[in-house]
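Dear colleague,

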Amino acid sequence: MKNLKITVTIFSLFALALSFVLVGHINNILPYHIEKDGSVYNNQSPVIYENNDIIITQNQANFDYKKELIKGLKIIDDNGTKSIDDDIFVDVSNVKIKNQKFETSSIKRTIFELSVNDPKIYRLKTKFTRVIEVVNYDEFLLKKGIFLNNAQIPVTEIFNIVSNHMNKKGIKKNKAIVLGVDGMRADAIALLNEKIGIKRIAKTGGIYRAYNNGDTNYTQITITGPSWTSMLTGVWANVHGVVSNSTSKNENVPTIMTTIAKNGYNTSFIALWRPLIDYSLKGEIHSKFKPILTNSDKKSKEEVINRIESNDDFIFVVFDNVDGAGHSTAFSTGSSTYMSEIECANNYIEEILQKIENRTTYADEDWLILSTTDHGGVFNNHGGQSREESTSFIAINGAID
């Protein structure tokens, strides 16, 4: 019986070692845990679960390493959480490239050595023989079929989309709303509920791939202030002036809110993050424009509903908690905290949609409804030029020409 227990224990440890492949920075200790289904979750690496598979996204800047030491491994099973104090070393140095796949049949408790020069997504099938499918981020998004377009749209185009709608001639009253989710990676769209929020907006239009990092003449940093201001003004940061999170907008470059307000429309901008009010709206003063600073995403949602009830013609709101979750855990669909905040924002968007549709004047109104993000992220940060950071989206209830 004792020999049987030893055999079972050895087999369990072997199965545990085979249940993950380590990805990360040299000299950067990252916390991992293993869920009940055997899937691995690294708090700082972008991970996407698909059934029992794991997809880990990396970019070029984070791939100049060969070794990693993992500490703080946690196993979650039916008996609760157990911690393993020993340092975990995994050897995958026998990995071979075969038909554009990596294959390994043994993993030992030694040093992990694997070096890849290209941006990759590693698809790790949860079997004892590990197979890793190599796919880049663009190919992954294409396979998911999230977007209607192949050519990307600059986020600056949102200014024109809103402006053109509000200037449209017709018998109905023009109305518009932009529902921003700060720091939402585009690949997270694939995991959203089809019937509510962002995906419901797109039912009568579509979801378009966009980019936030400038053009051939100017490379823009992928952070909050410059990105949202580019949507608000229709130009990149080299023109609007918000080149960082602590620089002010050029007062000679108007936002879409005051541009529309000058045509007699009531407009509002709602945000939790103060620099968007202080810097991105610098010089934006008009009697028909109301900037609103809140203290929570829930309060931002409530303020949107208040502005709808007050009969505003154009509302722009930015929900902030998704970005905070990305910085505190990971910009990753494998982070339960990150995905929970995305789902919360999506639920807020659904509440707002229902509020619009329940207006007594809804039948006499022509609503443009658009949802977008300012940037994505890798690990727990953003600002670079990787696809994971620079890819945005435009979910809209109509077609983009």
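Tryptophan 236 is buried (under 20% relative accessible area, with exposed over 50% and partly exposed in between; 1.4 Å probe, protein chains only), because its relative accessible area is 8%. Tyrosine 211, at 21%, counts as partly exposed. This is a predicted model, in which local features need pLDDT of at least 70 and side-chain atom pairs count only at pLDDT 80 or more, while totals for chains, interfaces and linings use all residues. Residues are numbered from 1 along each chain as its sequence is written, and side-chain values use heavy atoms, without hydrogens and water.

The structure holds six aromatic pairs (Phe, Tyr and Trp rings, the six-membered one for Trp, with centres within 6.5 Å; planes under 30 degrees apart are stacked, over 60 edge-to-face, the rest tilted). The rings of tyrosine 211 and tryptophan 236 are stacked, because their centres lie 6.1 Å apart and their planes meet at 25°. Phenylalanine 269 and phenylalanine 316 form a tilted pair, with 5.5 Å between centres and 40° between planes. Phenylalanine 269 is buried at 0% relative accessible area, and phenylalanine 316 is buried at 1%.

Yours sincerely
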